[in-house]
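Here is a short briefing to read with the model open beside you. Take a look at the fold, then follow the notes below.

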Amino acid sequence: MTMVRDPGLQPERTRLAWRRTLLALTAVTLLTVRLALIGGRGGAGPAAVAILGWGVVITLCWRRGTGSGVARVGGRQVALVGLAAAGFALLGTLLVLRGL
């Protein structure tokens, strides 16, 4: 007798979680770009780093967020996204403390 795996709603929850992550990173990136536009030169460096990090995370997470294709499980991808999310959380905190 072969057991059939029933994933239930787990794939949908996973896609939604990745989409929330991408949405949060997009919001912080846009706030950083806004800071660069109104703050002058001081915000250009963080904005460039945020845009670069956002592009990397989008590239890494697109399959997981949209559910298209087969996404690799584990590995360096999850660690890189976790590191990027921590960096964006720090950047978002700094933006809030700065009053944006």
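Which residues of the largest nonpolar core touch the most other members? They are V28, V57, C61 and F88, out of 13 residues in that core. Before going further, please note that this is a predicted model, where local features need pLDDT of at least 70, side-chain atom pairs count only at pLDDT 80 or more, and totals for chains, interfaces and linings use all residues. Residues are numbered from 1 along each chain as its sequence is written, and side-chain values use heavy atoms, leaving out hydrogens and water.

**Overall picture**
- The protein has 3 helices and 0 strands, in the order α-α-α from the N terminus; helices (H or I, at least four residues) and strands (E, at least two) are DSSP runs, numbered from the N terminus.
- Of the 100 residues, 23% are buried, where buried means under 20% relative accessible area, exposed over 50%, and partly exposed in between (1.4 Å probe, protein chains only).
- Among contacts (heavy atoms within 4.5 Å) with a separation of 6 or more, 61% join residues 24 or more positions apart.

**The nonpolar core**
- A nonpolar core is a set of buried Ala, Val, Leu, Ile, Met, Phe, Trp, Tyr and Cys residues joined through side-chain atoms within 4.5 Å.
- For the largest core, with its 13 residues, α1, α2 (44-66) and α3 (75-98) each supply at least two residues.
- Beyond its neighbours within four places in sequence, F88 is in contact with L25, V28, T29, A50, G53 and W54.
- In soluble globular proteins, nonpolar side chains tend to be buried together.

- T32 sits in helix α1 (residues 10-39) and counts as buried because its relative accessible area is 0%.
- Neighbours within four places in sequence aside, T32 contacts G43, P46, A47, A50, L91 and L95.
- T29 is also in helix α1, and it is buried because its relative accessibility is 5%.
- Not counting residues up to four places away in sequence, T29 touches A50, I51, W54 and F88.
- A polar atom of the T29 side chain lies 2.8 Å from the backbone oxygen of L25.

**On the surface**
- The accessible surface of the protein is about 7,200 Å² (Shrake-Rupley method with a 1.4 Å probe; for residues, only the protein chains shown count as cover), and 68% of it belongs to carbon and sulfur atoms.
- L97 lies in helix α3 and counts as exposed because its relative accessibility is 69%.

Notes
Polar contact = N/O pair within 3.5 Å; in protein donor to acceptor, adjacent residues only side chain to side chain.
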